[in-house]
Amino acid sequence: MSAAPGDALRALATLLREEATPISAHVVEPAGEPTLGLLAARGPAAAADPGEYALVVEAVREGYLLHYGEPRLLAGHDEDLALLAGDYLYALGLDRLTARGDDRAVAILSDLISACAQRHAEDRAASVPTLWDEAARSVGGLS
C-alpha cells in the first residue's frame, strides 16, 4: 500500500530524492496539497490503492508543470533539466499505472499529456485546467 493520498507530493519528493538521479539534488519540500491526486483517489477506480493513484496523478502533473509552469517539487534547475525531468515524471506516473495493469488510466493520462501539449502549441492554454480536472476525475472513475 502507498502513502495516504494527502501525502502524495511528499511521497513523490522522497522517491525522487532516493533515486539518486540528476533530479535528486533539486528536490524541495512541496508546498500545497495534491489537489488533483486527491480528486482521483476519491473515485471507485482508485479504491484498491488511493495513495498510489494520488501519487501517479501528481507525478504526471509535476511533469506538466516542469514543461509549462512552475514546478512544486524542484528548484534551482535549468531549462534542459526541467524538460528531461518533466518527461521522466510523465513516464514515472504512466509506468506505475502500467505495473498495476490499469490501461484505462494510462490512456487517460497519455491523452491528457498530448492534449495539454497541443493546447499550449495553439495558444489555448486557458482551457488546460479543465482538462486536468476531467482527467483526474476519469482516472478515479468519477466520470
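Which residues in α3 meet which residues in α4? The legends below take up this question first and then turn to other parts of the structure, which is a predicted model.

**Figure 1. The contact of helix α3 with helix α4.** On the side of α3, the residues that take part are Glu 52, Tyr 53, Leu 55, Val 56, Ala 59, Val 60, Glu 62, Gly 63, Tyr 64, Leu 66, His 67 and Tyr 68, and they meet Ala 82, Leu 83, Ala 85, Gly 86, Asp 87, Leu 89, Tyr 90, Leu 92, Gly 93, Arg 96, Leu 97 and Arg 100 in α4. Sorted by class, this contact of α3 with α4 holds 15 nonpolar, four polar and five charged residues. Two packed helices are described by the angle between their axes and by the distance between those axes. For helix α3, which covers residues 50-68, and helix α4, which covers residues 79-100, the angle is about 160° and the axes lie 7 Å apart. Angles over 145 degrees count as roughly antiparallel, and α3 and α4 are therefore roughly antiparallel to each other. The crossing of α3 and α4 is left-handed.

**Figure 2. Val 56, a residue of helix α3.** Is Val 56 buried or exposed? Its relative accessibility is 0%, and because a value under 20% is what buried means, Val 56 counts as buried. Val 56 and Leu 81, by comparison, are 25 residues apart in sequence, and their C-alpha atoms are 20 Å apart in space.

**Figure 3. The contact of helix α3 with helix α6.** Helix α3 also packs with helix α6, residues 128-140, at an angle of about 160° and with the axes 11 Å apart. The two helices α3 and α6 are therefore roughly antiparallel to each other, and their crossing is right-handed. In this view Tyr 53, Val 57, Val 60, Arg 61 and Tyr 64 of α3 meet Val 128, Trp 132 and Val 139 of α6. By class, the contact of α3 with α6 has seven nonpolar residues, no polar residues and one charged residue.

Figure 4. Most residues other than glycine have a negative phi. With a relative accessible area of 69%, Ala 20 is exposed.

**Figure 5. The protein chain as the setting for the close-up views.** The secondary structure of the chain comes to six helices and zero strands, which gives the pattern α-α-α-α-α-α when read along the sequence. A compact globule of 143 residues would have a radius of gyration near 15 Å, and the 14 Å of the protein chain agrees with this. Taken along the principal axes, the C-alpha atoms fill a box of roughly 40 × 40 × 25 Å. Of the 143 residues, 45% count as buried. Among the contacts with a separation of 6 or more, 63% come from residues 24 or more positions apart.

Methods
Residues are numbered from 1 along each chain as its sequence is written. This is a predicted model: local features need pLDDT of at least 70, side-chain atom pairs count only at pLDDT 80 or more; totals for chains, interfaces and linings use all residues. Side-chain values use heavy atoms; hydrogens and water are left out. Axes are lines fitted to C-alpha atoms, for helices over the stretch in contact, and angles run from 0 to 180 degrees between N-to-C directions. Helices (H or I, at least four residues) and strands (E, at least two) are DSSP runs, numbered from the N terminus. Angles under 35 degrees count as roughly parallel, over 145 as roughly antiparallel, 65 to 115 as roughly perpendicular and the rest as oblique. A crossing is left-handed if the near helix is turned anticlockwise from the far one by less than a right angle, and right-handed if clockwise. Contact means heavy atoms within 4.5 Å. Ala, Val, Leu, Ile, Met, Phe, Trp, Tyr, Cys and Pro count as nonpolar, Asp, Glu, Lys and Arg as charged, and the others, Gly among them, as polar. Buried means under 20% relative accessible area, exposed over 50%, partly exposed in between (1.4 Å probe, protein chains only). The radius of gyration is taken over C-alpha atoms; the globule rule is 2.2 Å times the number of residues to the power 0.38.
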